[in-house]
Amino acid sequence: MRRFILPLALLLNACVPVTPGDVATRALPQASDLPPMKTFGAPRPAKPAKSNNDLALDFIELSFQLESGRELPVFSRFEGPISVRVTGEPPASLGTDLRRLMHRLRSEAGIDIYEAAPSNPANITIEAVSRAQIRRALPHAACFVVPNITTISEYKPNRRSARTSWSALRTRKQLAIFLPNDASPQEVRDCLHEELAQAIGPLNDLYRLPDSVFNDDNVHTVLTGFDMLMLRAYYSPQLRSGMTRGQVAARLPGIFAAINPQGQSLPAKYATRTPRAWSEAVQTALGPGANSAQRREAASRALKIAQAMGWKDHRRAFAHYANGRLLLSSDPKAAQTHFRAADQYYAATPGADLHRAYVATQLAAYAITRGDGDAAQIILAPHIDEAAQNENAALLSTLLLLRAEALDLQGRTTEARTVRLDSLGWARYGFGSDWAVRAKLREISSLSPLKG
């Protein structure tokens, strides 16, 4: 289930107040039309460089536990071809993104999955409904997946019954995914990737995974090379529904040796598990329902736990990032200290390059507010292709808009205009509606002291 831990790239607006009204900017007059929406080309997922021993441990923890921490008694998956249909009122972008994803599942994970007509029965029903309907069914969720039903109206009457219990499943036959039809194209796609992956594969999320959508930090928004490797193992002919944890564990060394031979020679790192107290602190700090004081206290607690655990990986970095986020308005200098620490720990963590791109938006924004276009350019340069490779249009457009402001500070106004217009095509996919795109443009434009 996708939760409202807010995507990091979309939180830049905490840096400065947003200018009210539809204010024109230097580069895009109010009367101008926005450029067409851009979409990504062929996927470029990076292969995980991880030992097969560690991959097997990841597989077990992902597959035999729910996000709540509840243990699953047996392994479950679909047996045979998987049919998928779309019902409700889907947005225009959903069909294309679904076909791209299913092609990847077939070609990268070797899963026999195909699209069925909306009127035909299917193993997986994707129902496109409003965000309000989703919140009424499951507050605080952006989207979710449930076994043994086909419509969102069936969920509430059955939500506490054995019918919708994942732990009662022995094999998967029918599931429903509920996606928002009134969100940005990227948010719909992000939900699609996460929920379809959990519908057919692992049901758990692990904060200790830096390069996976199976992580509640929501940094990765499309299935990664790691995720496809997990799904390929999930549908190995050596496994079947109903197997116990021990039976699956006994088969995994042979499975990963066959599908990931390079992982045989890599040393195991045995990453520590994430205490529930840390996860709960992060949820409180960045999720819904807490006031400012409670958020700051929770972020500080998450960092203390990370320090006590001796972490030097992306979890330590994420704790610093959360503290930086929450100090932006009250203590900008302290916030920057946390962002720099986050960048340092992300840089030392294999597979955390995309995380660094998110932090770069905060570091570059601060440089721009100080009128230092040169520093902002240096900060932004390594991360633009990373955002494109990971198909994150919201992050990519944010990085490009920041780059345009840095170019303006350097007096390179013609280049700035070109970069700014290029960013808006990605913003239309990442942020959706014209008003949201213009709001992001105004927000980042207002960082520059040239606007003072």
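Predicted model: local features only at pLDDT ≥ 70, side-chain atom pairs only at ≥ 80, totals over all residues.

Reader: How many cavities of 30 Å³ or more does a search of the whole structure find?

Author: Rolling a probe the size of a water molecule over the atoms shows where empty space is left. Here a cavity is a set of points, on a 1 Å grid over the protein atoms alone, where a 1.4 Å probe fits but cannot get out. Points are joined across faces, edges and corners, and a volume is the space filled by probe spheres set on them. With a threshold of 30 Å³ or more, the number of cavities in the whole structure is two.

Reader: Which element gives the largest share of the lining of the largest cavity?

Author: The largest cavity holds about 50 Å³ of space, and its lining (residues with an atom within 4 Å of a point) consists of P43, D97, R100, L101, R104, R189, H193 and E391. Two elements give two or more residues to this lining, α2 (92-109) and α5 (185-200); helices are DSSP runs of H or I with at least four residues, strands are runs of E with at least two, and both are numbered from the N terminus. The largest share, four residues, comes from α2.

Reader: How many residues of that lining are charged?

Author: In this count Asp, Glu, Lys and Arg are charged, Ala, Val, Leu, Ile, Met, Phe, Trp, Tyr, Cys and Pro are nonpolar, and the others, Gly among them, are polar. The lining has two nonpolar residues and one polar residue, and its charged residues number five.

Reader: E391 is in that lining, so where does E391 lie, and is E391 buried or exposed?

Author: Most residues other than glycine have a negative phi. E391 has a positive one, near 55 degrees, and its contacts (heavy atoms within 4.5 Å), leaving aside neighbours within four places in sequence, are F40, P43, R100, Q186, R189, T221 and V222. E391 lies in the loop between α14 (384-389) and α15. Buried means under 20% relative accessible area, exposed over 50% and partly exposed in between, with a 1.4 Å probe and protein chains only, so at 6% E391 counts as buried.

Reader: Which residues have the most contacts inside the largest nonpolar core?

Author: A nonpolar core joins buried Ala, Val, Leu, Ile, Met, Phe, Trp, Tyr and Cys residues through side-chain atoms within 4.5 Å. The largest has 59 residues, and those with the most contacts inside it are F59, L105, I124, I126 and I200. Apart from it lies another core, of 38 residues, including A367, A388, L399 and Y429.

Reader: Why is the disulfide left-handed?

Author: The whole structure has one disulfide, a pair of cysteine sulfur atoms within 2.5 Å. C143 and C191 form it, with sulfur atoms 2.1 Å apart; C143 is in strand β5 (residues 141-147) and C191 in helix α5, 48 residues apart. Both C143 and C191 are buried. The disulfide is left-handed because the torsion about the S-S bond is about -85 degrees.

Reader: Is A319 buried or exposed?

Author: A319 is found in helix α10 (residues 314-327). Leaving aside neighbours within four places in sequence, A319 is in contact with W278, A302, L303 and A306. Its relative accessibility is 1%, so A319 counts as buried.

Reader: What is the relative accessible area of R403?

Author: R403 lies in helix α15 (residues 393-409). Not counting residues up to four places away in sequence, R403 touches Q377, L380, I384 and V419. R403 is partly exposed, because its relative accessible area is 29%.

How values were computed
Residues numbered from 1 in each chain as written. Heavy atoms only, no water. 1 Å grid on protein atoms, 1.4 Å probe; cavity = no way out; pocket = protein on both sides within 12 Å on 5 of 7 lines; lining within 4 Å.
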